[in-house]
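Visitor: I'm new to this one. Can you put it up and walk me through it?

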Amino acid sequence: MASTFPANDGAAVSLRGVSKHYGALQAVDGVDLDIPRGEIFGLIGHNGAGKSTLFKMMLGLVEATRGEILVGGASVRGRGFRAARRDLGYLPENVVLYDNLSGLETLHFFARLKHAPRAQCQPVLERVGLAHALDRPVREYSKGMRQRLGFAQALLGSPRVLFLDEPTNGLDPQAIRDFYATLRGLQAEGVTVIITSHILAELQERVDRLAIMSAGKIQAVGSVHALREQTQMPLAFELQLGAEDIPAVAQALEQVTGAPPEAFSGGLRLHCPRAQKMAVLAALAPFGARVRDLKMQEPSLEDVFFGFAD
Amino acid sequence: MELTQILTIAAKEFRDRMRNRWVLAVALVFTVFSLVIAYFGGAQQGAVGFRSIEFTIASLVSLVIYLIPLIALLLGFDAIVGERERGSLDLLLSLPITRFELLLGKYLGLAAALTLSTLAGFGLVAVLLSRQMNWAGMYHYFGFMLSSVLLGLAFLSLAVLLSVLARDRTRASGLAIATWFFFVLVFDLLLLGILVGSGGRFGGEAFALLLLLNPADVFRILNVFSLEDVRTLYGLASIVPPSMGSPAIMGGVMLAWIVVPLGLANWRFKP
């Protein structure tokens, strides 16, 4: 089957000035975005931020009011839509597949619609860990197994771009780990993955880049690290000290940050700009082992998210 | 338009109805009701046992006019809204398939299930009664079976339209029941009311054309007119103009009742 993807390493998904109105409601407002091939890209935002609409437009389910969307260099609507869609895999949020079919029959059905080889169904089920249940009717599947089946369906036809909406819903921690391991395997094969999740801590370590959406606009795009830098959110230090050392350490830290740290019974707490990180550590060095313990906390993706989304 | 996509959807719908024994159950309902009507239909007149094929068909028409629209509406009301509610509609539409192919595939699959159960149910009755039927009787009975299939397909088309329009399954089922009430129970009463209330001023051929606005009435006319000796059993027959006696014309009207709601459904079908 011919791929619609250009041979060069151009963007897998590219959006130019994409907007969507529903009457007076501006669901998506002037989005520009390029997602390179082989990237795992996260899309996060509050409910109603425009994520779902953006997702549906990228899949060609909803027509953009304005702007252009190319997936694999081709439009997912209009004349070439069949070829373009064969290269997509989609797992909708909370999808309920057909209870009366078995896992294998479900995949046969979707493989036929996608013109994917039938022989691919069994290996795909094995890949998501459903080899033991392929002949059982879906009605007997647990929530996690149903989610895996939905994921398996998205993998049919060896898609070049995967759209996964809340893919780890209902998965246990081990299954989540397996799921991301599978994604990394796909990434190594050059597959681009666009993923949404409400569990920001889960995405934090696992996406290459992410976009934060709010009020129909993309407020920020970048790696988690870059977004942290951009928000200029303070670092948090917590020091365990003997009572006798607290005043001296507090004074040394105040000279660096310009503000007195907060004392508590066992030590000091301090918030400082990321730029002062090394200066703070240097100020602590003379105290040596008298600093009994030190915890430093980077702002989490959640902090970053609220920094941009609110 | 890609035929394979339509057939894949249709085959799944059909197989679902075979597998959950829907086709078997409905065929049995048709067979049992028909046999009961054939043998005990004359009980009110003090006779039990098979009478004439014309009489049997006339009784069956009265049964089918209630039963088939209901079965067809119940079969089709969640065709689209069911997929929408379970979240699989977006998934299907993200595949290389058009909305029209999906809609037509759904319709054809359900239509095949309904047609098979209708033909099997009434066909079995024909076999059981074959000794009592002459060729003319067979011909009339075949016409009855065919028109029953068309009646089912027309109401199935309406059901698919409701399924596209309704926001959720609950509303769709409510609309399906309301549609049944309207066409099967209310419509004729309404016409009769207008006829009587206006003192006959709205009578005549033009008025009879209003009957074409109800597929159940089209079905009735199709069957009543093919049986000269049962025409008198129905008061309606006296107001129907002769042009409506043509099976070809009435068959065409029935086809319109299949095509138009499906066309509207396709027009209103948004993801």
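Guide: What follows is a short tour, taken topic by topic.
Guide: This is a predicted model, in which local features need pLDDT of at least 70, side-chain atom pairs count only at pLDDT 80 or more, and totals for chains, interfaces and linings use all residues. Residues are numbered from 1 along each chain as its sequence is written, while chains are lettered from A and ligands numbered from 1 in the order in which they are written.

Visitor: What does chain B average for pLDDT?
Guide: Chain B averages 88, and 89% of its residues score at least 70. The pLDDT is the predictor's confidence in each residue, from 0 to 100. The model scores ipTM 0.88 and pTM 0.87.

Visitor: How many helices and strands in chain B?
Guide: Chain B has 11 helices and zero strands. Both are DSSP runs numbered from the N terminus, with helices (H or I) of at least four residues and strands (E) of at least two.

Visitor: And what part of chain B is buried?
Guide: Of the 271 residues in chain B, 43% are buried. Buried here is 20 or more other C-beta atoms within 10 Å of a residue's own, exposed is 12 or fewer, and partly exposed is in between, with C-beta atoms placed from the backbone.

Visitor: Which residues have the most contacts inside the largest nonpolar core?
Guide: They are A:Phe163, A:Val193, B:Leu156, B:Ala159 and B:Val160, in a core of 152 residues. The largest share, 15 residues, comes from helix H7 (residues 135–165) of chain B. A nonpolar core is a set of buried Ala, Val, Leu, Ile, Met, Phe, Trp, Tyr and Cys residues joined through C-beta atoms within 7 Å.

Visitor: Take B:Leu156. What is it in contact with?
Guide: Leaving aside neighbours within four places in sequence, B:Leu156 is in contact with residues including B:Ala72, B:Leu75, B:Tyr107 and B:Leu110. Contact requires C-beta atoms, placed from the backbone, to lie within 7 Å.

Visitor: Switching topic: where does chain B touch chain A?
Guide: 17 residues of chain B are in contact with 20 residues of chain A. On the chain B side, H1 and helix H5 (88–93) are the elements that give two or more residues. H1(B) gives the largest share, five residues.

Visitor: How do the residues on that side of chain B divide?
Guide: They divide into six nonpolar, six polar and five charged. Ala, Val, Leu, Ile, Met, Phe, Trp, Tyr, Cys and Pro count as nonpolar, Asp, Glu, Lys and Arg as charged, and the others, Gly among them, as polar.

Visitor: At what angle do H1 and H6 of chain B cross?
Guide: The axes of helix H1 (residues 3–19) and helix H6 (residues 99–128) of chain B cross at roughly 35° and come within 7 Å. Axes are lines fitted to C-alpha atoms, for helices over the stretch in contact, with angles from 0 to 180 degrees between N-to-C directions. Among the contact residues are B:Ile6 and B:Phe14 of H1(B), and B:Leu104 and B:Leu108 of H6(B).

Visitor: Why does B:Arg21 count as exposed?
Guide: Because B:Arg21 has 11 other C-beta atoms within 10 Å.

Visitor: What about A:His115?
Guide: A:His115 also has a positive phi, about 55°, and lies in the loop between H3 and H4 of chain A. A:His115 is partly exposed, as 17 other C-beta atoms lie within 10 Å.

Technical notes. Contact = placed C-beta atoms within 7 Å.
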